[in-house]
Amino acid sequence: MVVILGVILLASSLAPALAQKKQQKSPGGYHGELDFPISWKRYYSYAEWTKIMHDIQKKYPHLSDIESIGKSRMGRNQFLITITAKSTGKYSEKPAMWVDGAIHGNEVNGVMCSLYLMWYLLTRYDYDDYVHDLVDNNTFYILPGLNVDANDSFVSYPNTPNNPREPYRPEDNDGDGLYDEDQTEDVDGDGELSTMYIEDPKGDYKLSPDKRQFVRVEDKKEEGRRFRRIGDEGYDNDGDGMINEDDIGGPDPNRNYPYGWNLQDGNPYPMSEPETRNVYEFQIAHPNIYASFHYHNTGRLIMFQAPPAKVSRTQSPVMSQRMQELNQRRMEEMKKANKYAQFFDRQVEEKYQHDMDVQTDIVTMGARILKNYSPTIAGLSGQAHAATYYMLGVYGYLIELWGSPDFEADEDADGRVSNDEYLKWIDTELTGEGWILPHKVDHPDLGEIWIGGSPKKHLRRTPPARYIEMEAMKNAQFVMYCASQFPKVEIDDVSVTPVTEDLYWIEVTVKNDRVYPTASDRAVQLKKDVKDKISVATSNNLSVVDIPGESTIVDQTDKLGTSQPVTTKPAEFRLKGKETKTFVALIKMDGSNGWVEFQVESFHGGKDTKRITLQKR
Ligand SMILES: [Ca+2]
Ligand SMILES: [Ca+2]
Ligand SMILES: [Ca+2]
Ligand SMILES: [Ca+2]
Ligand SMILES: [Zn+2]
């Protein structure tokens, strides 16, 4: 009896465990993140984050692969993780999202956001229906750190928030024949790179009343100690009398792409840097890439690539004033229904209007998801997103991460964070740890100097560690939202209208419920789009009748009933976002019944088939 009871108990306690599904419908449920814990409370060096990538890939080999797309100037591999469910098809056969982080070496929160997206997609796949669908149906190409050499130095060594930024092409900034011979150093050894000042009766600076900052002297008659600003911490390494005059770093990598390139910013020539060239060559070789995200800082901006502005005749000042007022009123009206509503007054040609509308829809949702980020139209000038949109027809986005902590520092709610509010935020939320107080230091070249009066490295451009996850999570959500709106072609209604005893009109509706079209307007203009196709097949006793002409009216009373014919040759088309199209086939039947099957195929929008049976009345 006891034994039997034991068996029953064992069975009943095992059964739910075996039957348990990982999918969780509840936001309070477990969603898998701790299957592979990563701490989002710190930044990682290149060795650390590439190890995280490789380790997570080993745990999820059915969902991911890692490759190096090439090497940086210093010989580091640029590791890319590709994510999709291998069980549902190949990487190259699904519409893809490209994500890269930190093309500017110092913008390492872009590395963290990219890693976070990777982690979220992989760990939640088994637990979260939304993520499961995204990973089944799409490919994500994620390159966490684009400018790997500078990314690593920025994290591993004391630096200002702004440096190192460019790829490590040697440049002789002071023209002395030596390359990168005088770089910054952490003079006081506190692990931060602050600003040096020296006491000088003729100096323009004084200490603020609270002795936390060096501030400019406004009233020249005011008495007191004066300081001269030297610059970033460092020594005169080559004894030429100047300090930090030849730091590391070459051209701006985000001015190095071919579209809108100019010599001054993007020298010496487009794609001169291995780090950017490797990326662009990968993108060209992967035409399934549908949209691209590029993480930068700072300023909480969703910069999107808009189509070219229409060249219009210049308006009179009165007219343009009126237009501005009209737009302002439209905007206010829209904001009443949705405070995240966006309106851009860029006028584009008809052939680009859909791209403009699509981008406006997408960034409106971006403003909703990212909360305190502002959508704005991005520039060209050799930037990565300009190349993806204008040269590849791929929808491009540049995200300026982080920025002023106005979400909690702006006490007087005037929309900006003043100096006082900023320091108060450092004292309150960061309990003081974000600031370097001015202090005396002995300098080998300068004698007694002062260092300090500045924020620490991770504050203004990259969030303090405690805010990394907050930023990364909402940014991952926006990327996933965009992927969820990649086109999807589906066969909707099929209706049969008998004409004679053995002839039937079959009308079929094809739809794309998503925001994005099956090909961008730009891809169409570049002739890079692959047309969507619909074909019809039948059982042996049925045949498709060829209909001449471009379109055929099935029902004379229905003005909208003008449909494109599908004949023995497939019909070609393109579906815009949220668009439905109808097609018609004329079918001849021998015998009493048979079947007709429609198949739609779209390069970015997938496939769908529908079969119906025809029965003679
Ligand atoms: Ca030099
Ligand atoms: Ca240099
Ligand atoms: Ca220092
Ligand atoms: Ca020097
Ligand atoms: Zn940047």
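Helices (H or I, at least four residues) and strands (E, at least two) are DSSP runs, numbered from the N terminus. The model is predicted: local features need pLDDT of at least 70, side-chain atom pairs count only at pLDDT 80 or more, and totals for chains, interfaces and linings use all residues. Residues are numbered from 1 along each chain as its sequence is written, ligands are numbered from 1 in the order in which they are written, and side-chain values use heavy atoms, without hydrogens and water.

**Exercise 1.** State which strands each supply at least two residues of the lining of the second largest pocket.

*Solution.* 
1. The strands are β5 (195–199), β7 (214–216), β8 (227–232) and β16 (454–455).

**Exercise 2.** Find the protein donors of the zinc ion (ligand 5) and classify their arrangement.

*Solution.* 
1. Donors are N, O and S atoms within 2.8 Å of the metal (3.2 Å for Na, K and Ca).
2. His 104 (ND1), Glu 107 (OE), Glu 107 (OE) and His 296 (ND1) lie 2.0 to 2.5 Å from the zinc ion.
3. The angles here run from 56 to 151 degrees, so the arrangement is irregular.

**Exercise 3.** Describe the sequence spacing of the donor residues of the zinc ion (ligand 5).

*Solution.* 
1. The spacing is H-x2-E-x188-H.
2. Glu 107 lies in the loop between β3 (96–101) and α3 (109–124) and His 296 in strand β9 (residues 289–297), so the pair ties together parts 189 residues apart in sequence.
3. Both Glu 107 and His 296 are buried, meaning under 20% relative accessible area (1.4 Å probe, protein chains only).

Conventions. Four donors count as tetrahedral if all angles lie between 85 and 135 degrees; four count as square planar and six as octahedral if opposite donors are over 155 degrees apart and all others between 65 and 115; anything else is irregular. Buried means under 20% relative accessible area, exposed over 50%, partly exposed in between (1.4 Å probe, protein chains only).
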